[in-house]
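Please look at the sequence and the structure together before reading on. The briefing that follows begins with one residue and then widens to its surroundings.

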Amino acid sequence: MATITNASEVINRIKDLKYFRVTRNVDSFPLFGVVPFDLTHTAGGPLEVKLLALSQEEAERLVDEWLESSPSE
């Protein structure tokens, strides 16, 4: 029965996801590998990211982790 409970938790999490926007001022950002978010960047402007998360805080954490862990070259 534990599997059914875990599946229910996953389904409930998916139902609770909402789109959030995160803006970061960055000099450059990685364009290597998989980009897991919808990115918008205009030269001289901030990086704007649209993504699914449970909260604004989670969205900001996910973007920051991606920016910190992605290779720059």
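In which helix does E58 lie? In this predicted model, E58 is part of helix α2, which covers residues 56-69. The points below take up this residue, then its helix, then the sheet, and then the core.

**The residue E58**
- E58 has a relative accessibility of 12%, and because buried means under 20% relative accessible area, E58 counts as buried.
- When its neighbours within four places in sequence are left aside, E58 is in contact with R13 and A53.

**The helix α2**
- Helix α2 is made of 14 residues and spans 20 Å from its first C-alpha to its last, which is close to the 20 Å expected at 1.5 Å a residue.
- The buried residues in α2 include E58, together with A59, V63, W66 and L67; they cover an arc of only 165 degrees around the axis, and therefore they sit on the same side of α2.
- On the face of α2 that is turned away from its buried side, one finds the exposed residues E57, E68 and S69.

**The sheet**
- An open sheet is formed by 3 strands in the order β1-β3-β2, and their pairing is antiparallel; β1 and β2 are the edge strands, since each of them pairs on one side only.
- On average, and with direction ignored, neighbouring strands of this sheet are turned by 20 degrees against each other.
- Strand β2, residues 38-41, pairs with β3 in the antiparallel sense over 4 bridges; D38 has K50 in β3 as its bridge partner, while T40 stands opposite E48 in β3.
- The hairpin of β2 and β3 has 5 residues between the strands, and in this hairpin G44 takes a positive phi near 85 degrees.

**Where helix and sheet come together**
- Helix α2 lies across β1, β2 and β3, and runs at about 50 degrees to β1.
- The largest nonpolar core has 11 residues in all, among them F20, V49, A53, A59 and W66; the elements that give two or more residues to this core are β1, β3 and α2.
- In soluble globular proteins, nonpolar side chains tend to be buried together.
- F20, a member of this core, touches V49, K50, L51, A53, L54, S55, Q56 and A59, not counting residues up to four places away in sequence.

Terms used:
Residues are numbered from 1 along each chain as its sequence is written. This is a predicted model: local features need pLDDT of at least 70, side-chain atom pairs count only at pLDDT 80 or more; totals for chains, interfaces and linings use all residues. Side-chain values use heavy atoms; hydrogens and water are left out. Buried means under 20% relative accessible area, exposed over 50%, partly exposed in between (1.4 Å probe, protein chains only). Contact means heavy atoms within 4.5 Å. A nonpolar core is a set of buried Ala, Val, Leu, Ile, Met, Phe, Trp, Tyr and Cys residues joined through side-chain atoms within 4.5 Å. Two strands pair if DSSP finds at least two bridges between them. The expected span of a helix is 1.5 Å times one less than its number of residues. The arc is that of the directions from the helix axis to the C-beta atoms. Axes are lines fitted to C-alpha atoms, for helices over the stretch in contact, and angles run from 0 to 180 degrees between N-to-C directions.
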